[in-house]
Amino acid sequence: MTLSQPQPDMPGIAGGQALSQAQTQFFIPATASLHERRPRTLKHGDSFAVFDHSGDAISGPGSPEGLYHRDTRHLSHLYLTINAMRPILLSSALRDDNAMLTCDLANPDFIGEDGRVAVEHDLIHLRRTRFLWKDALYERVTIRNFDTETRQVSIDFSFAADFADLFEIRGMTRLRRGRMREPQIGPSDVLLGYLGRDERERQTHLHFDPMPDELTDSHALFHITVPPGDRCALFTRICCKQTGATDALPKQFLKSLREAMEALRAARKRGAALHSSNDLFNEVARRSVADISMLSTDTEYGPYPYAGIPWFSTVFGRDAIITALETLWMDPAISRGVLGYLAAHQATSFDPTADAEPGKILHEVRHGEMAELGEVPFRHYYGSIDSTPLFVMLAGAYLERTGDVAYLTTILPHIEAALNWIDTHGDRDGDGFVEYGRLTDQGLQNQGWKDSHDSIFHADGTLARGPIALAEVQAYVYGAWQAAEALFNAIGDHARAADYRDRAARLRDRFDAAFFDAALGTYVLALDGDKMPCRVRSSNAGHVLYTGLAREERVEAVVRTLMGPASFSGWGVRTIASTEKRYNPMSYHNGSIWPHDNALIAGGFARYGYQREAAQIFEGLFAAATYVDMMRLPELFCGFPRRRSQGPTFYPVACSPQAWSAAAPLALIQSSLGLRFDVPAAQISFHQPMLPLFLQSLTIRDLGIGLDKVDIMFDRLGDQIVVKPMKHGGRARIMTIA
């Protein structure tokens with residue numbers, strides 16, 4: 001993500017020094033555990049919402065709850081009471097497709113004037129049905145009386161909009177803010193407004209149906225009479241701008257709900273579908289697909305997966321590219337959308353405040369007041385060292401998966417600009433490796449995917465001094481040059497293709513000499529600014545396998561090191577081994593377990609024929625998912641060893657859902673099966689296919705190649721996996737390679 005990632009373990013750094021303002025300015029203080037809250041989340045487009053299990057958003061210090069639009073919180077408080085009391089929570093659930101949140105509530109005991117119970121609990125049922133669609137939150141509250149006599153109740157919605165910038169909610173203090181507008185109150189609607197210091201007007205429009213009996217700028221009160229066995233409904237729409245909708249709100253509710261569900265259904269149908277013999281895995285897979293669909297925002301270039309909720313619901317370059325790579329085998333449309341958006345927003349000039357250089361690919365985009373004013377540097381920010389080679393890698397992977405040369409030709413100038421950046425600004429000192437270093441003190445200090453301030457260090461724990469050349473970044477450059485070879489061959493420029501093939505071969509030799517450490521049994525984490533190796537066992541080495549940069553003779557040692565007890569916890573591979581100086585299983589990057597990291601490592605294992613080890617990682621992550629609320633893999637979890645009959649230890653402020661974590665189980669399917677595509681030959685092949693032990697059989701439906709779609713079943717027969725084509729037509733061929 002970014003340096004702005006949550007870091008509860010940040011009281012100081014090596015030697016007891018206090019963190020500087022530059023180091024701490026974007027951190028998220030872990031004052032409240034997201035895992036403890038287990039919030040309910042909704043998202044559509046540029047809006048998302050976070051609620052507690054009762055469907056409320058409770059304002060207060062450290063609370064992330066509310067309705068957000070383009071990095072501003074448009075609703076900071078929403079609280080429902082019945083007869084001035086909070087209802088009893090019965091249950092709370094998101095639909096499997098994430099389309100709708102349903103909260104079932106009941107009345108508590110109502111006490112009469114004589115101090116006795118006048119109405120017993122659980123006689124009046126309230127069902128809150130809520131969804132998000134086109135920058136508006138819709139809710140229907142159905143009140144049903146299960147008592148034997150008529151009941152009169154008062155339903156009150158209290159609300160507030162603080163228009164806080166997301167970075168304020170993440171812990172930053174602002175000395176100056178804009179000003180709140182005078183509320184505008186109508187018979188059934190309220191308009192709350194805020195004029196930011198960026199001179200932008202931000203508004204929240206609340207509309208109620210039927211007309212409230214009392215409406216102020218902070219609450220809507222309804223007095224309701226419900227006969228025995230009867231029901232009534234209250235409707236609310238909360239928009240992130242003033243609206244002039246004329247349809248009755250109940251009609252708008254039903255129409256918008258139908259559109260939202262149809263849109264999610266269309267997104268799911270776009271790609272292949274999975275079904276297995278394991279019901280729990282089927283739930284994990286369904287949630288993965290649903291989360292990716294929900295997190296993906298439709299842009300003019302196609303679907304673009306936003307990184308995660310609540311802190312990163314926006315465009316991130318690295319995260320979206322890796323998510324696209326993980327899902328490419330199932331749904332190439334995501335990759336096309338990511339490529340198109342990032343090409344259109346590629347840097348074309350120098351801007352030190354944004355760490356921008358010509359040809360560089362985006363790291364992050366923000367739309368809030370603080371970004372607009374430059375109080376944070378992320379309005380259009382380019383401070384990641386790996387997004388640019390990963391962009392070229394994705395273009396090559398998209399070509400291999402789809403054969404869509406025509407589309408890639410339209411973005412070829414952007415691919416060439418990215419390749420040129422690697423040669424010039426990426427390789428700062430001309431040593432053949434790509435290094436990073438921020439251009440101003442406001443930029444991110446570390447610019448690989450492990451971007452905590454203390455994530456790159458030497459064996460003695462000393463922080464590495466830049467510019468820093470990360471092991472995995474060199475692997476991505478190798479992958480980018482392989483992609484360039486394929487792209488230029490596809491368009492008939494064989495001379496340039498041969499040049500990039502030669503570059504990749506030379507990089508392999510240089511990298512092996514500089515990064516492999518026989519005593520460690522793996523690749524070093526990085527080279528520092530003095531070209532001294534950071535002799536640390538890390539998960540980064542698995543990314544070297546992922547792109548094929550590793551020499552064959554090194555692979556066994558690297559796999560053995562990554563799967564040894566110091567690195568493999570039983571749930572997954574730790575970011576650094578437990579033997580390292582800065583190891584802390586509760587840290588963000590120094591001993592934790594990241595699902596996307598493990599998915600790439602497993603992909604590297606499978607590339608070199610280590611399918612069994614890939615399946616072992618798959619089993620660990622699947623087992624972890626079964627202990628998580630809604631079977632949803634979070635951004636990360638702690639790296640403590642796996643214990644019998646106990647789940648993983650959760651990281652307190654991990655985002656959930658998180659796109660590249662949601663996509664990890666899908667990528668692990670491809671790795672376990674050794675799935676590859678040859679579009680010109682219309683061939684789908686499975687190289688040494690394996691299934692993890694928790695799967696006896698697996699079916700993939702509507703797997704596309706060219707214009708054809710196929711269904712394939714995989715059955716375990718002893719130690720062998722039998723591949724059974726079930727439906728295929730046209731030219732499609734299916735092959736198994738032992």
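Me: At what angle do H12 and H14 pack, and how far apart are their axes?
Reply: In this predicted model, where local features need pLDDT of at least 70, side-chain atom pairs count only at pLDDT 80 or more, and totals for chains, interfaces and linings use all residues, the two elements are helices as DSSP defines them (runs of H or I, at least four residues, numbered from the N terminus). Residues are numbered from 1 along each chain as its sequence is written, and side-chain values use heavy atoms, with hydrogens and water left out. With axes taken as lines fitted to C-alpha atoms over the stretch in contact, and angles running from 0 to 180 degrees between N-to-C directions, H12 and H14 pack at about 10 degrees, with their axes 8 Å apart.

Me: Are H12 and H14 roughly parallel or roughly antiparallel?
Reply: Angles under 35 degrees count as roughly parallel, over 145 as roughly antiparallel, 65 to 115 as roughly perpendicular and the rest as oblique. The angle between H12 and H14 is about 10 degrees, and the two helices are therefore roughly parallel.

Me: Which residues of H14 meet H12?
Reply: Contact means heavy atoms within 4.5 Å, and on the H12 side it involves Ala471, Glu472, Ala475, Tyr476, Tyr478, Gly479 and Gln482. Their counterparts in H14 are Asn540, His543, Val544 and Thr547.

Me: How many of the eight residues of H14 are buried?
Reply: Buried means under 20% relative accessible area, exposed over 50%, and partly exposed in between, with a 1.4 Å probe and protein chains only. The buried residues of H14 are Asn540, Ala541, Gly542, His543, Val544, Leu545 and Thr547, and their cover includes helices H9, H12, H13, H15 and H16 together with strand S27 (522-523). H14, spanning residues 540-547, is thus mostly covered, and the number buried is seven.

Me: Which residue follows H14, and what is its phi?
Reply: The residue that follows H14 is Gly548, and its phi is positive, near 85 degrees.

Me: Is Ala663 buried or exposed?
Reply: Ala663 is found in the loop between helix H18 (659-662) and helix H19 (664-673). Leaving aside neighbours within four places in sequence, Ala663 is in contact with Ile292, Thr323, Glu326 and Thr327. Because its relative accessibility is 0%, Ala663 counts as buried.

Me: How far apart in space are Ala663 and Arg503?
Reply: In sequence, Ala663 and Arg503 are 160 residues apart. From C-alpha to C-alpha, the separation of Ala663 and Arg503 in space is 32 Å.
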